[in-house]
Amino acid sequence: MKKLGFGLMRLPLLNKEDPAAVDIEQVKRMVDLFIEKGFTYFDTAWMYCGFNSENVVKEALINRHPRETFTLATKMHAGFFNTKEEREQVFEQQRVKTGAEYFDYYLIHGISANSYEKHEELDSFGWLREKKEQGLVKHMGFSFHDSAELLDKILTAHPEMEFVQLQINYLDWESPWIQSRKCYEVAVRHGVPVIVMEPVKGGTLASVPSEAEKLFREYAPDMSVSSWAVRYAASLDNVMMVLSGMSSMGQLKDNTDYMEDFKPLNPTEQELVKKAADIISSAIAVPCTGCSYCTDGCPMKIAIPQYFSLYNEDMREAETKGWTANQSFYKQLASAAGKAGDCIGCGQCEGMCPQHLPIIQHLKAVSEYYDK
C-alpha cells in the first residue's frame, strides 16, 4: 500500500454547524480520485461525523468500488458499550452501516489509562481475536492516547496485536504529554508497525507562524506547508500508513500529488522541520519552565506546571479545532490533583516563581478553557 490513508473524520460538510451533514457528492469525487491515484486505505469510526461517517463509507465507497480495490478500517470505543452484549451490538451495526462483509483493519479505539481497565475486564482483546478467527476482521490493532509506559504494558500483555495507531507529528515528537517519540520507540522495540494519526495536528501544522512558513517556502516554494508534516511522519521507518483527514478536494489533490511517489525527508529537510518546530513551540501562552517551585506549598494541590504545559499545547491549535487529547489528559491529572479552578488566590505560588509569572491569572485562563 502507498503510505497515505484517507481519514474520514473531517469530511466536507453542507452545514458547518452539523457534523453529520456530509457533502456526499463531493466525498464520492474525492474517493474516486484517491483510488484512481493508487491509494487504498480508508479509516473511519463509529462516532465520526456525528455517527454518520460509516454510512458515508457505504454510499461513497462500498457501493461504488469493488471490495478488493481498497482496505477499510474502523474502530470500537469504550465509551459506547458497557457490556459484552452492547459491544457486539455496536459491531453488528457497524457492519450494517458500512455494508462491509469484513473489515481489513479493526481497532480498539483510543486506549488510555481510563479505558484500558474496562477493555481488560470485558476482554476486548480476546473478542477482537475471535472476530479475526471468524474472518470478520483481517488485521487487529488499537489506537492509543497515553504514556509510553502504558503502551509498553499493553504490547507486552497482548503481543498478538498486529499494529498500533499513534499520534505522531513533528510538534508532538518531544511532547511530555503526547510522547510521540517515546511511544513510537516502544512500538519499534515490540516490532509492531505504526499507523500515524494527526500528522498535521488537526490542521495546526497547515497554518504555522510566518517565520516557520518562510523556512519551508524558501526551500521548496511549490510544496504546501502541510506536506512537510505528512512527509515527516511517513519518513519514519516503522510507519506503515499516515492518515490525513481531508475535508476538501484541494486538500486531497495536494496530499496525493506529493505522496503518489513518496520521497522521505532528506537530512537538510529534517533540520528545517526541527527549526520550524522550535519556532512554533516558542509561540507559547505561558512561559513556564516547569521547575515546580510553585506546587510544594499549594494548599489545593494544583498541578500548575502540568496544566500550563497542556494549555500551551492547546493554544497552538487552530481556534476552530474541537476536541484534543489534552482535554483527556487534563481530566486524568485533575482526578488526582486540584483542578485549575480550585485556586483560592493565596499567592503562595507567585511568591515562589522564579519567572515572576502571574500564575493566578493564568490558572483562571486554564480553568476557563478546560473546566467547562
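**Exercise 1. What percentage of the 372 residues in the chain is buried?**

Solution. The model is predicted.
- Step 1. A residue is buried when its relative accessible area is under 20%.
- Step 2. By that cut-off, buried residues account for 53% of the 372 in the chain.
- Step 3. Now take the surface. The chain has an accessible surface of about 16600 Å². Carbon and sulfur atoms contribute 50% of that surface.

**Exercise 2. Describe the overall build of the chain.**

Solution. 
- Step 1. Count the elements. There are 16 helices and 8 strands.
- Step 2. Compare the radius of gyration with the globule rule. The chain has 21 Å, and the rule gives 21 Å for 372 residues, so the chain is as compact as a globular protein of that length.
- Step 3. Take the extent along the principal axes. The C-alpha trace spans about 65 × 55 × 45 Å.
- Step 4. Look at the contacts between residues at least 6 apart in sequence. Of these, 76% join residues at least 24 apart.
- Step 5. Check the charges. The chain carries 39 positive and 52 negative side chains. The centres of the two sets are 1 Å apart.

**Exercise 3. Decide whether T74 is buried or exposed, and find its side-chain partners.**

Solution. 
- Step 1. T74 sits in strand β3, which covers residues 71–77.
- Step 2. Apply the cut-off. T74 has a relative accessible area of 0%, so T74 is buried.
- Step 3. List the polar contacts. The T74 side chain pairs with the side chain of E54 at 2.7 Å. The T74 side chain also makes a polar contact with the side chain of Q94, at 3.4 Å.
- Step 4. Widen the view beyond four places in sequence. T74 then touches several residues, among them T44, A45, W46, F103 and Y105.

**Exercise 4. Work out the setting of K132 in the same way.**

Solution. 
- Step 1. K132 belongs to helix α6, residues 124–133.
- Step 2. Apply the cut-offs. K132 has a relative accessible area of 32%, so K132 is partly exposed.
- Step 3. Find the contacts beyond four places in sequence. These are V137, K138, M140 and E162.
- Step 4. Pick out the polar contact. The side chains of K132 and E162 meet at 3.0 Å.
- Step 5. Relate K132 to F103. The two are 29 residues apart along the chain, and their C-alpha atoms are 9.4 Å apart. F103 is also one of the residues in contact with T74.

Note on methods. Residues numbered from 1 in each chain as written. Predicted model: local features only at pLDDT ≥ 70, side-chain atom pairs only at ≥ 80, totals over all residues. Heavy atoms only, no water. Helix = DSSP H or I, 4+ residues; strand = E, 2+ residues; numbered from the N terminus. Rg over C-alpha atoms; globule rule 2.2 N^0.38 Å. Buried < 20%, exposed > 50% of the residue type's maximum accessible area, 1.4 Å probe, protein only. Contact = heavy atoms within 4.5 Å. Areas by Shrake-Rupley, 256 points an atom, 1.4 Å probe, with all protein chains shown as cover. Lys, Arg positive; Asp, Glu negative; His and termini not counted. Charge placed at Lys NZ, Arg CZ, Asp CG, Glu CD. Polar contact = N/O pair within 3.5 Å; in protein donor to acceptor, adjacent residues only side chain to side chain.
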